[in-house]
Amino acid sequence: MKNDNLNKGSCLTPCEEKKCVREKLNRRQFFGAAAAVGAAGTVLASSLISGCKAKLAEEIRKIPRKKGMENFPVLITEKCKPMDQKNTIFCRQLWDHDFVKKIESEAAVRRVALSKREKGWRQLDRALNAAGWALDHQFATGSENGQPMSPAYDWNGPVSDRKYQFNNPEDAAKKIKKAARFLGASLVGIARYNPLWTYSRLVKENLENDPDEQKKEKFDLIKPEFPFTPKSVVVIAVEMDYKAIALSPSSLEGAATGLGYSQMCAVGYSVSTFTRRLGYRAFANGNDISLSVPYAVEAGLGELGRNGLLITPEFGPRVRLVKVFTELDIKPDRCETFGVWEFCKSCQRCAESCPANAISFEKPTTEGTTISNNPGVFKWYINPEKCIQFWIENGSDCANCITACPYNKPDMWHHQLMAAAAGFPGAPLHTIMAKMDKLFGYGNTFDIKANAAFWEEN
Amino acid sequence: MEFLWSLIGAMAVLLICGLRSWIKKGKKKVTFFSWLGIFVFFLLALFSTAWMISCFIEGETRAAVIGFSIFGTVTMVIFAITRKKILKDSKTRYPSARGAY
């Protein structure tokens, strides 16, 4: 037998040595495989268990849902009532003088330090901000603060005498959506009119200054008595610019927000005009007479997120919403979910990035934190008082919660893949994904360099 | 888009041809798990490269570098394990390759 064995100096015969090596390799392989399977199994098992626990928690909770809202993706209880617009944070500034004094005095102390930042707050940046808001301020004056019946959102626009006959409600939905996309909508969906989302009373500011009539309050409270009973709601989402929103909370980000409001006004007015020209009464509205996010959820445009905003699959929370109320019977869309609720439980990036600490880190609840919340909805309630206080300190609105949201991404394949992966249940997976999102450098706020670089890019 | 798919197809064909000649020449034994490893390696390599390029296109340099590091490391680990498995299986089948006895 040839003895040019592999391991010179070994006491074992080649045959024994081979057996020894084979055994060692098998044991190594076994331990390696066991470790890999163990790690994968732990992650999978904990994901499945936490997924099951979430379902179990909801079953255990046994909160009765409001009649007619059983299929709504967000739990609505009987306690939920139409909100009084007077209590929204924007309208409170008209009558809650103690609140205004408090936030103004606290904001003044901090404003000095913030004004020292220059990039994003120069004349160039502020001019762009003003330009973004220009159309909204001209044609939908005050609507962003809740003022109803501005020119673009007039309830009584002219209606054609000739009624266009659609084949059926499905046909109406197809044509209305096609028109909406043509007229500038990024996303469009149809919902049934629901009086729960309309304010119980509307705040109409007295914009004419009459020095002879010294009114105690500068507004009237009116009932939302529309010229017709709306049947359908065309819900339109307008995308905001990704790069500008990433500059939050500077004046440049405010330009993107303002442009969003201007586009809302343009698209909403156009779609309502289209519907009226077909012979059906219709009018558009933004923030002014009803809540937008619940309608958008009903129309299947997205889900409610931890930050209180609509999270869409295409753009995340980086959208502005406008609705068109109409008497036309249009086939409504179905609610769509894609894992946002479960992801938001683990993520908390919006809460971490909020400079006002206005977004909840706690579990969802049905009780709000201030009178500017509408109780009875099982969700994470934000604190609008803290939020608006920061806006005043900042000298412009803030979109940190939009910027930081992992769903806020440009429309590219690898982000779509990650969003799809986020739809799988499991808190550990979601926590890892949220941390990785931060590690990869997405969702940064207060980025002075990015503000400076904005004007250098094409 | 069509060009991209053609490029991916061409890379796949080149990889398969290269593998075939390497296996034939070196008398390598490639089991089912080895083929699986090769397939996963190819997908991961493609994914890592595509991730990096996409991030650079959208201007997120940090995401490109970190993504390529993480996914690239996983790719290399799969490559190393697969290569070791192929070589080990080949030794078992062709013991005379190293002139054992």
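Which residue forms a salt bridge with A:Glu327, and how far apart are the closest N and O atoms?

Author: Happy to. The partner is A:Arg281, and the closest N and O atoms of the pair are 3.0 Å apart. A salt bridge here is a side-chain nitrogen of Lys or Arg within 4 Å of a carboxyl oxygen of Asp or Glu. The pair links distant parts of chain A: A:Glu327 sits in the loop between S8 and H9, while A:Arg281 belongs to the loop between helix H7 (251-277) and strand S5 (282-285), 46 residues away. Helices (H or I, at least four residues) and strands (E, at least two) are DSSP runs, numbered from the N terminus.

Before going further, a word on the ground rules: residues are numbered from 1 along each chain as its sequence is written, and chains are lettered from A and ligands numbered from 1 in the order in which they are written. This is a predicted model, where local features need pLDDT of at least 70, side-chain atom pairs count only at pLDDT 80 or more, and totals for chains, interfaces and linings use all residues, with side-chain values taken from heavy atoms, leaving out hydrogens and water.

Back to the pair. A:Glu327 counts as buried because its relative accessibility is 18%, and A:Arg281 counts as partly exposed because its value is 36%. The cut-offs are under 20% relative accessible area for buried, over 50% for exposed, and partly exposed in between (1.4 Å probe, protein chains only).

A:Lys177 pairs with A:Asp333, with 2.9 Å between the closest N and O atoms. Here again distant parts of the chain are linked: A:Lys177 is in helix H5 (residues 169-182), A:Asp333 is in the loop between strand S8 (319-326) and H9, and the two are 156 residues apart. With a relative accessible area of 15%, A:Lys177 is buried, whereas A:Asp333, at 26%, is partly exposed.

The buried ones are A:Val340, A:Trp341, A:Phe343, A:Cys344, A:Ser346 and A:Cys347. They pack against several elements of chain A: strand S6 (303-304), strand S7 (310-311), helix H10 (349-353), helix H13 (413-422) and helix H14 (427-439). After H9(A) comes A:Gln348, whose phi is positive, near 65 degrees.

Elsewhere in chain A, the side chains of A:Arg122 and A:Asp125 meet in a salt bridge (3.2 Å, N to O). A:Asp125 is buried at 0% relative accessibility, and A:Arg122 is partly exposed at 31%. A:Arg92, A:Asp96 and A:Glu385 are linked in a salt-bridge network. Over all chains, a search of the whole structure finds 15 salt bridges.

How confident is the predictor? Chain A averages a pLDDT of 86, and 82% of the residues score at least 70; pLDDT is the predictor's confidence in each residue, from 0 to 100. Contact means heavy atoms within 4.5 Å.

Now to chain B, which has three helices and zero strands. Buried residues make up 28% of its 101 residues. Of the contacts in chain B with a separation of 6 or more, 68% come from residues 24 or more positions apart. B:Trp35 is found in helix H2 (residues 32-57) of chain B and is partly exposed, with a relative accessible area of 39%. Leaving aside neighbours within four places in sequence, B:Trp35 touches B:Leu19, B:Ile23 and B:Val30. B:Trp35 and B:Leu7 are 28 residues apart in sequence and 22 Å apart in space, C-alpha to C-alpha. B:Phe3, in helix H1 (residues 2-25) of chain B, is exposed, with a relative accessible area of 64%.
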